[in-house]
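Hi,

Here is the structure I promised to pass on. Have a look at it first, and then read my notes below.

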Amino acid sequence: MLRRGLMLVLLFVATQSQLTLQAQENWRDSLTAINKQIAESQWSTELHLRKANANLQLQQWQYAIDEYGLVLRHEERNPAALFYRAYAYTHMRRFDLARNDLNDLLAIVPRHFEGRLSLAVVLQQMGRKQDALDNLNQLIQQHPDSAVGYVARANLERQLKQDEAALYDWQRAEELSPLDPVYVINHVDLLLVLERRREARRVLDAAVSRGIPKSMFNDWYWKCKR
């Protein structure tokens with residue numbers, strides 16, 4: 001099944017791509033400049049957050065963790081430091097620590113969208129799928145107009161073999177983001193798995209009527225005829 005890289009999303013908002021050599025050099029130069037400013041200044045949360053961000057961009061996970069820890073020793077309720085330290089912990093597969101930071105973040109900012117989504121991802125990595133589902137249910141209650149929340153829950157429901165629930169969530173995602181072909185394809189893919197070809201064809205036709213080019217669904221129209 002095709003899945004959106006967002007999430008997944010899910011799953012962090014700041015997901016890193018491979019940096020070009022020039023981009024790496026630019027970030028190293030930026031890091032050098034920030035370190036000089038830090039050495040010449042009194043304590044500045046902003047400077048240390050900027051340094052930690054440069055570490056993240058260079059995928060220097062432990063350096064970023066150390067820097068966010070320094071920020072949190074000065075400001076233990078700093079949401080940015082908690083969120084991005086959890087992000088770095090996740091890349092190091094230190095899921096317990098990531099979960100702790102995200103729980104602390106949500107205690108401060110209960111409606112933090114990326115934080116709750118990230119916690120659901122971390123819980124899945126820890127094998128705690130029901131806890132992850134509970135978090136996604138809460139996320140959707142808090143943000144009912146977010147297609148991303150329904151997509152995240154649909155993917156987990158597929159893993160849990162809750163196909164009817166997943167169908168509902170793909171339908172809601174389409175309603176909230178009607179021109180996204182990825183949502184349509186995932187919805188149709190699940191219908192085909194359930195051998196509901198006529199319904200899958202109707203979903204495709206509806207998407208085309210909304211303005212998505214039919215050529216994007218050629219393979220799935222073919223599968224509906226099999």
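Going along the sequence, the chain runs β-α-α-α-α-α-α-α-α-α-α-α-α, which comes to twelve helices and one strand. Those are DSSP runs numbered from the N terminus, with helices being H or I of at least four residues and strands E of at least two.

Some housekeeping: this is a predicted model, where local features need pLDDT of at least 70 and side-chain atom pairs count only at pLDDT 80 or more, while totals for chains, interfaces and linings use all residues. Residues are numbered from 1 along each chain as its sequence is written, and side-chain values use heavy atoms, with hydrogens and water left out.

On overall dimensions, the C-alpha atoms fill a box of roughly 70 × 40 × 25 Å along the principal axes. The chain has 226 residues, and 47% of them count as buried (under 20% relative accessible area with a 1.4 Å probe, protein chains only; exposed is over 50%, partly exposed in between).

As for charge, there are 30 positive side chains and 27 negative ones, with the centres of the two sets 6 Å apart. Lys and Arg count as positive, Asp and Glu as negative; His and the chain ends are not counted. Each charge is placed at NZ of Lys, CZ of Arg, CG of Asp or CD of Glu.

Now for the backbone. Most residues other than glycine have a negative phi. Gln59, in the loop between α2 (45–57) and α3 (61–74), has a positive phi near 60° and is partly exposed at 31%. Arg93 also has phi near 60°; Arg93 sits between α4 (79–91) and α5 (95–108) and is exposed, at 57% relative accessibility.

Cheers
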